[in-house]
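Subject: Handover of a structure

Dear colleague,

Please find below the structure that I am handing over to you. My notes on what was found in it follow directly after.

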Amino acid sequence: MKLLKISTITAYFLLVSFYCLYSQSFTREIKWSSEFIKGDTTSTYKTLNFELAASFNADFLPYYSENINIKHFFNSKYDYTIKLENTNFIACSDDETYGIPNLDKIKNNIKIETQISIARGTPYLQVKFLPLVRNESGKIFKLIKFDMVI
């Protein structure tokens with residue numbers, strides 16, 4: 001019985017050590033700004049915006065995008081994923097969302113896209129997601145703070 005208890009404790013310690021050694025956590029904040037007008041050559045659109053927001057397609061929604069240097073723990077055989085923890089949201093006002101196109105694309109959870117890229121011999125994990133969610137009643141919430149865990 002005592003041997004089994006020591007083995008269980010040892011296995012737990014090794015599992016926690018492995019997780020801490022190979023996972024990384026980063027705390028991030030999104031600083032939302034007031035409404036923003038974007039346009040192309042023929043028209044303009046009202047949209048939500050935050051510092052360093054990226055627009056990846058014609059939906060005019062603001063995407064969070066970051067390249068994380070993973071040089072110190074990169075393994076080409078590993079499939080890197082990102083998990084958001086300790087998420088804090090704030091509700092959008094009706095005025096903020098009024099007239100914004102493509103709000104129907106906002107889902108009830110955040111879908112994170114990742115991709116490995118190499119720039120000048122250094123591996124980066126490219127992370128992209130839409131920091132907006134919709135609750136069951138249709139209200140839209142903005143992500144304002146989160147921990148990103150690799």
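I begin with Ser117, which is placed in strand S6, residues 113–119; strands (E, at least two residues) and helices (H or I, at least four) are DSSP runs, numbered from the N terminus. The model is predicted, so local features need pLDDT of at least 70 and side-chain atom pairs count only at pLDDT 80 or more, while totals for chains, interfaces and linings use all residues. Residues are numbered from 1 along each chain as its sequence is written, and side-chain values use heavy atoms, with hydrogens and water left out.

Ser117 counts as buried because its relative accessibility is 19%. Buried means under 20% relative accessible area, exposed means over 50%, and partly exposed lies in between (1.4 Å probe, protein chains only). The side chain of Ser117 forms a polar contact of 3.5 Å with the side chain of Gln126. A polar contact is a pair of N or O atoms within 3.5 Å; within protein, one must be able to donate a hydrogen and the other to accept it, and residues adjacent in sequence count only if both atoms are side-chain atoms. Not counting residues up to four places away in sequence, Ser117 touches Thr122, Pro123, Tyr124 and Gln126, where contact means heavy atoms within 4.5 Å.

Next, please look at Asp147, which lies in strand S9 (residues 140–149). Asp147 is buried but has no salt bridge, and the nearest side chain of opposite charge, that of Lys145, is 6.9 Å away. A salt bridge is a side-chain nitrogen of Lys or Arg within 4 Å of a carboxyl oxygen of Asp or Glu; Lys and Arg count as positive, Asp and Glu as negative, and His and the chain ends are not counted. The side chains of Asp147 and Thr27 are joined by a polar contact of 2.7 Å. Leaving aside neighbours within four places in sequence, the contacts of Asp147 include Ser25, Phe26 and Lys83.

Phe74 counts as partly exposed because its relative accessibility is 31%.

Of its 150 residues, 31% are buried. Among contacts between residues at least 6 apart in sequence, 67% join residues at least 24 apart.

Yours sincerely
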